[in-house]
Amino acid sequence: DNSSELITKHRACRRQVRESSGEADHHEGMSSDDELTPAEVTEFQKNKDNVLEDSRKIFEDVHADFCDIRKILLKFQEWKEKFPDSYCDAYIGFCLPKLLNPLIRVQLISWNPLEQNFMELEEMPWFRAIGEFSDAKNASE
């Protein structure tokens with residue numbers, strides 16, 4: 001893997017600079033990302049942009065009713081209200097996490113909790129939709 005080789009070489013170079021300057025109080029592995037070269041930052045940003053662009057295309061051929069978490073959960077809520085026995089027999093509570101997982105993962109691709117202005121999980125639309133569904137489910141019980 002080229003990125004791990006690059007990181008290893010970069011660390012070795014920094015270690016040599018520290019040793020030659022007499023910097024003895026450094027703890028290995030505690031370096032910051034501020035030490036990345038502009039070329040490395042540019043390459044990372046380019047790769048990140050490519051991944052984000054590709055992620056926008058994942059569900060482009062899927063009907064809107066089947067790639068929107070709120071709409072999917074509304075269909076399950078209707079099923080539960082109209083046919084509670086069938087809904088219960090299908091163990092929907094166990095199926096929903098597996099069904100929603102890919103949709104949530106795509107929405108989390110760009111999420112970075114280490115950035116200064118990141119969105120809290122509780123503020124994300126998919127999180128609120130699941131919360132509303134859970135509240136409706138509990139209210140009907």
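Biologist: What should I know before I start?

Modeller: The model is predicted, so local features need pLDDT of at least 70 and side-chain atom pairs count only at pLDDT 80 or more, while totals for chains, interfaces and linings use all residues. Residues are numbered from 1 along each chain as its sequence is written, and side-chain values use heavy atoms, with hydrogens and water left out.

Biologist: How many helices and strands are there in the chain?

Modeller: Helices (H or I, at least four residues) and strands (E, at least two) are DSSP runs, numbered from the N terminus. The chain has six helices and zero strands. Its pattern along the sequence is α-α-α-α-α-α.

Biologist: What share of the chain's residues count as buried?

Modeller: Buried means under 20% relative accessible area, exposed means over 50%, and partly exposed lies in between (1.4 Å probe, protein chains only). Of the 141 residues, 16% count as buried.

Biologist: Which residues touch the most other members of the largest nonpolar core?

Modeller: In soluble globular proteins, nonpolar side chains tend to be buried together. A nonpolar core is a set of buried Ala, Val, Leu, Ile, Met, Phe, Trp, Tyr and Cys residues joined through side-chain atoms within 4.5 Å. Here the largest one has 14 residues, and Ile69, Leu73, Phe76, Leu96, Leu100 and Phe133 touch the most other members. Helix 3, helix 5 and helix 6 each supply at least two residues of this core. Helix 5 gives the largest share, five residues.

Biologist: Which residues does Phe76 touch?

Modeller: Contact means heavy atoms within 4.5 Å. Leaving out residues up to four places away in sequence, Phe76 touches Tyr87, Ile92, Leu96, Leu99 and Phe133. Across the chain, take contacts between residues at least 6 apart in sequence: 57% of them join residues at least 24 apart.

Biologist: How many salt bridges are there?

Modeller: Side chains of opposite charge can pair when their charged atoms come close. A salt bridge is a side-chain nitrogen of Lys or Arg within 4 Å of a carboxyl oxygen of Asp or Glu. The count by this rule is three.

Biologist: Where does Glu132 pair with Arg70?

Modeller: Glu132 and Arg70 form a salt bridge, with the closest N and O atoms 2.4 Å apart. This pair links distant parts of the chain: Glu132 is in helix 6 and Arg70 in helix 3 (residues 69-82), 62 residues apart. Glu132 is partly exposed at 43% relative accessibility, and Arg70 is partly exposed at 35%.

Biologist: What about Arg56 and Glu53?

Modeller: Their side chains meet in a salt bridge at 3.4 Å, N to O. Arg56 and Glu53 are about one helical turn apart, because three residues separate their positions in helix 2. Arg56 is exposed at 57%, whereas Glu53 is partly exposed at 37%.

Biologist: And the pair of Glu115 and Lys48?

Modeller: Glu115 forms a salt bridge with Lys48, the closest N and O atoms being 3.5 Å apart. Glu115 lies in the loop between helix 5 (92-108) and helix 6 (125-140), and Lys48 in helix 2 (residues 38-56), 67 residues apart.
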